[in-house]
2 protein chains.
Amino acid sequence: MNHNINATIDTLPTPALLVDGQRVHRNINRLADYGRSHGIGIRPHTKTHKSLAIARHQVAAGAVGLTVAKVGEAEPLLAAFGDGPADILIAYPTVDPARASRVADLANRCTLRVALDTRQAIAAVAGAASRAGSTVGVLVDLDVGPGRTGVPSVDALVDLAEAVTHAPGLRLDGIFFYPGHIWSEPAEQADPLQRVADTLAEACDRFDRAGLSREVVSGGSTPTAYQSHLVPQATDVRPGTSVFNDLNTLRGGFCSADDIAATILATVVSDAVAGQVVLDAGSKTLTSDRCVPAPESGYGFLPAYPEATITKLTEEHAQVDIRQCPKPPAVGERLTIIPNHICPCVNLQDVAWWQEPDGSLHPLTIDGRGRLS
Amino acid sequence: MNHNINATIDTLPTPALLVDGQRVHRNINRLADYGRSHGIGIRPHTKTHKSLAIARHQVAAGAVGLTVAKVGEAEPLLAAFGDGPADILIAYPTVDPARASRVADLANRCTLRVALDTRQAIAAVAGAASRAGSTVGVLVDLDVGPGRTGVPSVDALVDLAEAVTHAPGLRLDGIFFYPGHIWSEPAEQADPLQRVADTLAEACDRFDRAGLSREVVSGGSTPTAYQSHLVPQATDVRPGTSVFNDLNTLRGGFCSADDIAATILATVVSDAVAGQVVLDAGSKTLTSDRCVPAPESGYGFLPAYPEATITKLTEEHAQVDIRQCPKPPAVGERLTIIPNHICPCVNLQDVAWWQEPDGSLHPLTIDGRGRLS
């Protein structure tokens with residue numbers, strides 16, 4: 001790995017992940033402004049960037065806390081809060097003893113909350129917290145549509161919340177939801193978000209009547225980020241991708257081309273096959289994720305060659321159909337790719353390159369990379 | 001990252017990559033025996049395991065050399081040859097100055113060959129080798145069907161080979177091909193491999209008449225590994241996946257279930273949604289690669305629950321449809337997954353766990369992980 005700090009855009013070893021610093025700041029600040037103007041807390045999901053440096057910027061912009069998927073990702077992010085109190089949400093069920101023990105230990109170092117949806121998770125975290133002498137905040141997970149995690153009904157949610165209040169070492173803090181099924185453009189989101197709001201209104205009412213805490217009601221996603229005010233029960237939202245954006249958010253209508261803050265720099269390594277060039281960014285760099293709003297669009301977009309299509313990826317090769325390009329890319333040429341889904345691409349890099357407006361590049365460590373558990 | 005060497009299969013943090021040591025040795029030895037009995041050199045593609053320890057086993061079993069995709073992967077593997085001469089093939093075009101310079105430096109430390117298919121690659125490597133005072137062996141790449149890299153005709157191959165012989169710092173060593181388009185079962189491979197053999201026979205004849213060296217004619221893939229003798233022009237073959245195997249090779253009919261030597265260990269983290277459980281191995285562990293011979297089969301196979309289907313992956317979640325399972329998996333239960341495509345899964349792990357027949361687990365460093373350039 002060559003982390004030469006004198007790297008330039010022309011000499012950087014490829015494939016490389018480029019991060020446009022100015023756009024990152026603009027994306028962070030826009031979301032922070034939206035949250036402030038609507039009284040909604042921003043609790044960014046750091047899965048997208050996995051970077052302490054960017055987490056610091058999000059905290060500086062007023063984030064109420066940071067979200068992670070796994071406890072291993074939380075540990076390197078505590079420093080993002082500087083001298084202030086650290087506040088981390090693990091948006092993932094903790095059910096096994098090894099992970100529960102790490103969660104409980106971390107709760108001795110910061111305000112730590114976990115989202116969970118089973119009695120087994122309650123037992124695992126409660127047991128570990130009791131042993132560690134810590135208190136873990138719990139948000140009970142309600143499925144509002146995506147069908148991934150979360151209990152299916154308000155009745156089941158209230159039962160789960162009651163169980164939390166009876167478990168040692170746990171503090172019921174409220175409700176967790178994820179409107180990940182809503183991929184429609186902002187103009188079309190009012191109806192589905194109204195259904196989410198109706199469900200949450202019922203849940204909040206039931207919590208209030210039962211005397212159950214709902215200090216935190218955490219939801220949100222990047223597609224619905226700027227419509228979060230349509231779910232007034234939410235106290236905070238957890239967009240992740242919006243810090244960088246990608247072809248998913250661009251094609252979905254959730255950002256403009258100027259908001260794309262992370263791209264892959266690749267080199268054309270072959271033009272031996274007619275009508276095609278090969279780039280040195282394969283599935284080991286771009287992943288095999290499709291573009292959700294445009295699944296047949298290929299494996300990323302080349303802004304300099306909009307007529308080109310990345311038709312096939314193998315681990316180290318991207319095969320690009322250039323038959324529609326007025327002027328084909330040349331072997332050795334460096335191309336920028338907008339990936340379909342930026343989050344797993346970031347996880348494939350040890351270091352990204354933070355680009356300043358003057359073009360200078362600085363290594364950006366992906367602190368949370370590969371922290372699977 | 002918890003690399004506790006007292007980890008057991010019941011306490012290992014999940015998701016984790018398990019490697020069955022006995023099966024790895026059996027897979028390596030079977031291929032070595034096949035090569036010996038047919039007089040075909042084995043030059044394993046190390047992209048699958050990216051591990052110095054496993055590369056040592058392959059060299060000990062008689063490999064004529066090792067294959068890598070990128071020069072960064074080659075560097076940690078030199079030690080695999082112990083006191084013997086190191087022999088590395090970079091099965092990837094080198095066109096940019098930064099990479100060419102690393103290739104040329106490495107050629108001062110071992111027998112190094114590159115496959116290439118453009119004049120730009122010849123110029124880049126020749127320039128770098130001249131500056132480094134090294135000699136880089138070249139195999140000229142002929143497309144025998146997959147249409148990924150390689151020149152399209154024997155005429156073009158001869159022209160490219162002639163250009164190599166005129167370039168300083170380069171030594172023409174022969175021909176490179178990759179029958180990656182042949183995914184049919186062994187019984188069906190005779191015809192397509194005959195076509196490859198016919199093309200190579202023509203190329204070899206033309207090389208001989210022009211006095212061009214073809215000391216090395218390197219081909220092969222895992223699907224065609226045990227039919228390599230049907231292409232008698234090949235001096236060596238480069239199977240990668242066969243060291244571990246995966247659902248691709250199992251469903252394709254290229255191995256048996258007992259040959260699967262690498263699996264993912266995952267934990268059931270949620271059963272809140274009816275008819276479904278969620279595992280803690282998402283696309284960050286399994287990748288979004290489909291099974292080539294059975295693309296609609298889901299994102300991996302659960303041997304203990306053959307009726308289950310992994311229907312959807314997000315980064316940290318595998319959603320498993322368990323409606324057909326006589327007895328559903330329980331929250332907290334640990335399950336083994338056979339991934340669709342093992343190679344990119346290995347690249348997502350810093351450490352795998354080598355399992356001995358007695359069940360003991362030993363950390364196995366993935367030395368080549370993340371070496372993108």
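With 27 C-beta neighbours inside 10 Å, Thr287(A) counts as buried (20 or more other C-beta atoms within 10 Å of its own; C-beta atoms are placed from the backbone). This is a predicted model, so local features need pLDDT of at least 70 and side-chain atom pairs count only at pLDDT 80 or more, while totals for chains, interfaces and linings use all residues. Residues are numbered from 1 along each chain as its sequence is written, and chains are lettered from A in the order in which they are written.

- Thr287(A) has a phi near 65°, positive although the residue isn't glycine.
- You'll find Thr287(A) in the loop between α9 and β12 (309–313) of chain A; helices (H or I, at least four residues) and strands (E, at least two) are DSSP runs, numbered from the N terminus.
- Lys50(A), another non-glycine residue with positive phi, comes in near 55°, and is buried too, with 25 other C-beta atoms within 10 Å.
- The peptide bond from Thr14(A) to Pro15(A) is cis, with omega near -5°, and Pro15(A) sits in the segment before β1 (16–20) of chain A.

**Domains of chain A**
- Chain A splits into domain 1 (22–243) and domain 2 (251–365), with bounds from an automatic or database domain assignment.
- Their C-alpha centres lie 32 Å apart.

**Where the chains meet**
- 54 residues of chain A are in contact with 55 residues of chain B (C-beta atoms, placed from the backbone, within 7 Å).
- Among the elements supplying at least two residues each on chain A's side are α4 (97–106) and β10 (262–270).

Note on methods. Two residues are in contact if their C-beta atoms, placed from the backbone, lie within 7 Å. A residue is buried if 20 or more other C-beta atoms lie within 10 Å of its own, exposed if 12 or fewer, and partly exposed in between; C-beta atoms are placed from the backbone.
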